[in-house]
Amino acid sequence: MRVLQLHTDWIEYEPIKKEIKNAEECEKKRYRLEDLVVLFVSVEKGDNEETAKRLVDEVAAFMKKLKANRLLIYPYAHLSSNLAKPATALRVLKAMEKHGKEKKIETYRTPFGWCKQFSLAIKGHPLAEQLRVITAEKPEKEKREEKVSEALKAEEKLRSYWYIIEPNGNMVPVEEFDFSKHESLEKLARYEIAKSRAVQQMPPHVKLMRKLEIADYEPGSDPGNFRWYPKGALIKSLLEQYVTAKVIEYGAMEVETPVMYDFQHPSLAKYLDRFPARQYVVKSEDKELFLRFSACFGQFLMAHDTQISYRHLPMKIYELTRYSFRREKSGELVGLRRLRAFTMPDCHALCADLQQAKDEALRRFDLCVEILEEGLELVKGEDFELAIRFTKDFYDENKDFVKALVKKMGKPALAEMWKQRFFYFVLKWEFNFIDNLDKASALSTDQIDVENGERYGIVYVDEKGEKRHPLILHCSPSGAIERCVYAMLEKAYRQQKRGKPPMLPLWLSPTQVRIVPMSENYLSHAEKIASEIEKHRIRVDIDDRALTMQKKVREAETEWIPYVIVVGKKEIESETLPVRDRKAGKIRKMKLKELVREIKDITAEKPFKPLTLPKHLSQRPQFYG
RNA sequence: GCCCCCGUAGCCUAGCCCGGUUAAGGCGUCAGCCUUGUAAGCUGAAGAUCCCGGGUUCGAAUCCCGGCGGGGGCUCCA
């Protein structure tokens with residue numbers, strides 16, 4: 001039971017609305033009490049009449065000192081995340097009230113189960129505000145001492161120390177940092193450290209992913225396994241091609257490995273013991289298999305069987321995992337932000353030693369920035385922030401490397417330091433996207449792994465002919481592809497809130513140019529223009545439906561189409577076209593050639609896929625809404 | 001996993017608290033009219049296992065229990 005105890009001059013409250021079905025009956029009016037102690041009470045699991053009594057005894061003793069004799073018990077769920085069931089809570093609250101009255105205290109209680117409005121005035125003295133926590137276990141103190149040692153050890157290892165590292169390498173404790181010019185970094189820090197959020201709202205991208213016919217829940221599958229509509233499949237596929245091309249350009253060897261692995265395989269069994277509950281399990285004849293949660297297994301098993309010389313290092317292997325599976329707890333799944341089946345580009349680099357690993361990591365850092373900035377059109381320091389996590393030992397010996405990362409970022413970064421190594425890596429960094437609910441989620445990430453080379457028996461032969469285990473870098477240059485879509489949608493929503501038109505990058509827009517004929521009389525002219533544009537590998541479609549031009553323009557706008565061209569009488573007679581430019585927010589008179597040139601310039605060096613929907617809107621089914 | 005909230009045509013919503021004729025409206029779809037100059041033209045039609053299962057009741061979209069799905073919070077995040 002958690003209780004906020006406030007000594008007040010007065011409190012006023014008014015029941016507004018029932019929040020639960022079995023709420024108590026009461027009169028909806030304004031109540032006022034003066035000169036009293038208010039107890040905001042969260043009844044937690046395990047609490048009972050006994051706890052209630054003990055708490056009231058404590059409070060009564062305190063009130064005696066204050067010479068107060070009026071008490072209000074106010075059910076208040078927000079103090080705890082481990083609440084008792086409503087029926088139990090009500091019973092406990094009633095017990096408190098009864099016991100208070102028995103102690104000759106003038107005791108009141110506000111109705112349970114209501115959304116109430118209240119205002120109060122707290123007395124100014126030092127004892128006026130107090131928190132009380134009472135648990136059901138009786139021999140509190142003895143128990144605590146004997147049990148804690150195990151847990152304490154783990155906690156000491158996991159205890160995090162938070163800092164901000166500035167581009168010049170300065171490291172300041174997070175509470176001393178001036179965040180005034182670093183709003184999104186502050187959000188990241190607050191999210192990572194305090195995890196305090198109060199918003200009760202669906203994330204904006206969930207609505208958008210459906211409205212734009214990108215992706216949707218698939219009730220016929222397991223939660224977190226999505227269906228992708230044609231437009232979404234196109235976007236996703238383009239992103240996959242783009243990231244893959246970038247990683248190959250960086251020098252990785254693309255491979256493909258199985259999605260399921262044998263629990264009994266010696267290299268895997270030990271590793272998995274640490275994470276028993278989070279995989280999908282597949283039974284096949286006498287075997288039990290788990291679905292991979294990254295490309296690590298397949299690639300490490302492959303590397304185990306590979307003849308590697310120091311000359312080959314750093315050796316880069318890449319796979320676009322479609323899919324990786326993590327059976328995240330159901331309460332964790334949120335739209336495209338966190339899924340149970342997701343597509344993750346995963347690039348490992350086997351490195352001879354720490355120096356090589358650090359050099360390589362810096363190269364990959366650049367790759368990651370490029371993908372987010374040029375590919376997804378996200379802005380460093382605004383849409384995403386750098387977080388670096390490392391052990392104290394690693395930091396002490398490799399300060400220059402950590403500084404180099406922050407310097408590359410060019411913005412202050414959040415740092416988390418552990419006294420001891422608990423995970424298999426000594427350092428990891430991520431780019432965290434901050435969404436409209438101020439939540440952070442990792443996109444690009446890289447880690448320096450010091451354990452798995454040995455665990456998987458991966459060896460290379462060094463200059464002296466001796467066998468050695470490599471260090472392994474684990475990098476997802478973009479993060480999960482689905483999460484990239486989430487980030488772009490959240491960003492678009494943010495743009496809209498700021499009065500700018502929401503858009504996807506041009507190279508990812510399913511329709512890049514839409515032709516709207518004024519009436520069917522101009523359809524053939526529209527066809528001509530469309531096929532001319534199409535020749536240049538630009539996705540174009542034609543709204544040939546029997547609707548008014550205004551309506552068709554409106555729909556093109558709600559579909560976020562970057563360029564819309566209305567074709568009528570004038571366009572047959574003239575060379576210039578009125579191009580409705582979404583980004584510019586105006587109609588630009590352009591020659592067809594100029595428009596094509598502009599689009600080709602903007603989308604240069606990005607992959608292209610033709611439209612995967614019927615070119616004519618009249619031929620197109622509606623997948624959502 | 002735990003706590004809270006939600007689930008009504010393809011979509012969005014009303015009705016539910018306080019049980020009672022054919023479950024209401026908008027968007028979309030279909031048919032027809034209109035042939036349009038840059039963000040919603042007009043008329044009509046079709047379209048609902050009221051998430052699923054059980055219970056209470058003469059009677060359940062409505063009340064109760066269980067499940068499934070979604071959202072939020074907590075915890076966790078290789």
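**Reading a cavity and its salt bridges**

Q: How do the residues of the lining of the largest cavity divide into nonpolar, polar and charged?
A: Rolling a probe the size of a water molecule over the atoms shows where empty space is left. In this predicted model, the lining of the largest cavity has 7 nonpolar, 2 polar and 2 charged residues. Here Ala, Val, Leu, Ile, Met, Phe, Trp, Tyr, Cys and Pro are nonpolar, Asp, Glu, Lys and Arg charged, and the others, including Gly, polar. A cavity is a set of points on a 1 Å grid over the protein atoms alone where a 1.4 Å probe fits but cannot get out, and lining residues have an atom within 4 Å of a point.

Q: Which residues line the largest cavity, and what is its volume?
A: The lining consists of Leu212, Ile214, Lys231, Ile235, Leu504, Ser509, Pro510, Thr511, Glu559, Trp560 and Ile561. The volume is about 130 Å³, counted as the space filled by probe spheres set on the points, which are joined across faces, edges and corners. The structure holds 1 cavity of 30 Å³ or more.

Q: What is the partner of Glu559 in a salt bridge?
A: Glu559, one of the cavity-lining residues, pairs with Arg514, their closest N and O atoms being 3.1 Å apart. This pair links distant parts of the chain, 45 residues apart: Glu559 is in the loop between α15 (549-558) and β26 (563-567), and Arg514 is in strand β24 (residues 513-517). Helices (H or I, at least four residues) and strands (E, at least two) are DSSP runs, numbered from the N terminus.

Q: Is Arg514 buried or exposed?
A: Arg514 is buried, at a relative accessible area of 0%, while Glu559 is partly exposed at 25%. Buried is under 20%, exposed over 50% and partly exposed in between (1.4 Å probe, protein chains only).

Q: How do I read the numbering and cut-offs?
A: Residues are numbered from 1 along each chain as its sequence is written, and chains are lettered from A and ligands numbered from 1 in the order in which they are written. Local features need pLDDT of at least 70 and side-chain atom pairs pLDDT 80 or more, while totals for chains, interfaces and linings use all residues; side-chain values use heavy atoms, without hydrogens and water.

Note on methods: On a 1 Å grid over the protein atoms alone, a cavity is a set of points where a 1.4 Å probe fits but cannot get out, and a pocket is an open set with protein on both sides within 12 Å along at least five of seven lines; lining residues have an atom within 4 Å of a point. A salt bridge is a side-chain nitrogen of Lys or Arg within 4 Å of a carboxyl oxygen of Asp or Glu.
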